[in-house]
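Subject: Structure for you to look at

Hello,

Here is the structure I said I would pass on. Please open it beside this email and follow the residues as they come up.

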Amino acid sequence: MTMLYNKAVWSVESVKTTGKLATLIVCGAVVFAGMSCRKATTATYERASVRPTAESIAEADKLYAGRDDLVKVRQAIVALRQAQADDPANYDLAWRLAKYNYYLGAHSPNSTEQDKSFYEGIDAGKLAVKLQDGKPEGHFWLGANYGGSAQISTLASLSEIEDIKHEMETVLKIDEGFQSGSAYMVLGQVYLQSPRILGGDTQKAIEYLEKGVKLGPTNALLRVRLAQAYAQDHRNADAQKQIDALLAMKPTAGYEPEYNEAVAETKKLEEKIK
């Protein structure tokens with residue numbers, strides 16, 4: 001009787017213990033499920049809260065419009081990088097990063113920032129070309145960054161110059177009039193500024209720049225480059241004609257900073273050839 005009683009007590013206690021365990025397990029499962037739901041909800045919210053790429057591009061473009069202030073260019077680059085973290089295969093982000101980095105590298109007074117900007121611009125340009133090889137923007141800004149890097153390098157080589165030429169020639173094949181003949185402008189600069197030993201040739205520079213001006217008569221920077229090439233070839237009268245044409249122009253909407261740069265360079269050149 002005692003044994004049976006003990007067994008009965010054990011059985012009852014077992015049931016109670018088992019019930020408690022079951023309750024704990026159920027409660028634990030409910031808590032875990034709640035945690036999982038919260039995590040899932042949080043993850044869903046995070047995914048839903050990712051900013052649309054188009055909004056980031058619009059913000060970056062607005063900042064870049066005020067590029068006279070380099071702080072805004074840096075902010076635009078940050079906005080594009082953040083967007084690229086969520087949308088790494090977006091072509092429009094990649095070529096803009098190449099473009100904005102080129103501008104920063106070309107205008108920053110800090111040599112370290114120049115190097116960094118051109119380096120990152122080259123990487124962004126390569127990505128853009130990889131994503132959309134048949135479009136001109138990636139090739140153009142990749143070539144521009146190659147040029148910027150070569151210009152500040154004391155060890156610019158023939159291979160670097162060939163890289164620039166290759167990208168700009170590719171742009172001409174895709175869209176000869178891209179950026180109002182700017183690919184011709186870059187090729188003209190390459191031949192104008194390169195040492196003769198690396199293929200420098202003033203006559204070829206003039207040929208390219210003249211072709212560019214025909215395609216982009218309102219491209220102020222292209223006109224000042226042609227004026228500089230004429231002056232280097234001792235054709236001062238022709239240089240003055242380009243200067244006069246440039247000073248008579250009105251800046252193209254959205255390109256006021258470039259126009260102002262061209263005017264400043266033109267005035268310096270005009271002083272030299274008088």
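First, how to read the values. This is a predicted model, in which local features need pLDDT of at least 70 and side-chain atom pairs count only at pLDDT 80 or more, while totals for chains, interfaces and linings use all residues. Residues are numbered from 1 along each chain as its sequence is written, and side-chain values use heavy atoms, with hydrogens and water left out.

Overall fold

The protein chain has 12 helices and 0 strands. Helices (H or I, at least four residues) and strands (E, at least two) are DSSP runs, numbered from the N terminus. Of the 274 residues, 41% count as buried. Buried means under 20% relative accessible area, exposed means over 50%, and partly exposed is in between, with a 1.4 Å probe and protein chains only. Among contacts (heavy atoms within 4.5 Å) between residues at least 6 apart in sequence, 60% join residues at least 24 apart.

The core

In soluble globular proteins, nonpolar side chains tend to be buried together. The largest nonpolar core here has 68 residues, and Tyr 100, Phe 140, Ile 164, Met 168 and Leu 246 are those with the most contacts inside it. Such a core is a set of buried Ala, Val, Leu, Ile, Met, Phe, Trp, Tyr and Cys residues joined through side-chain atoms within 4.5 Å.

Take Met 168 in helix H7. Is Met 168 buried or exposed? Met 168 is buried, because its relative accessible area is 0%. Not counting residues up to four places away in sequence, Met 168 touches Phe 140, Gly 143, Ala 144, Ala 183, Val 186 and Leu 187. Met 168 and His 139 are 29 residues apart in sequence, yet 6.9 Å apart in space from C-alpha to C-alpha.

Charged pairs

The count comes to 11 salt bridges. A salt bridge is a side-chain nitrogen of Lys or Arg within 4 Å of a carboxyl oxygen of Asp or Glu. In one of them, Glu 59 pairs with Arg 51, and the closest N and O atoms are 2.5 Å apart. Arg 51, Glu 55 and Glu 59 are linked in a network of salt bridges. Glu 113 and Arg 74 also meet in a salt bridge, at 2.7 Å from N to O. This pair links distant parts of the chain, with Glu 113 in helix H5 (residues 111-131) and Arg 74 in helix H3 (residues 70-86), 39 residues apart.

Glu 137, in helix H6 (residues 136-152), is buried yet has no salt bridge. The nearest side chain of opposite charge, Lys 135, is 6.2 Å away. For charge, Lys and Arg count as positive and Asp and Glu as negative, while His and the chain ends are not counted. What joins the side chains of Glu 137 and Tyr 91? A polar contact of 2.7 Å does. That term means a pair of N or O atoms within 3.5 Å; within protein, one must be able to donate a hydrogen and the other to accept it, and residues adjacent in sequence count only if both atoms are side-chain atoms.

Two loop residues

His 234 lies in the loop between helix H10 (220-232) and helix H11 (236-248). Phi of His 234 is near 65°, a positive value in a residue other than glycine. Gln 179, in the loop between helix H7 (158-174) and helix H8 (182-193), has phi near 55°.

Regards
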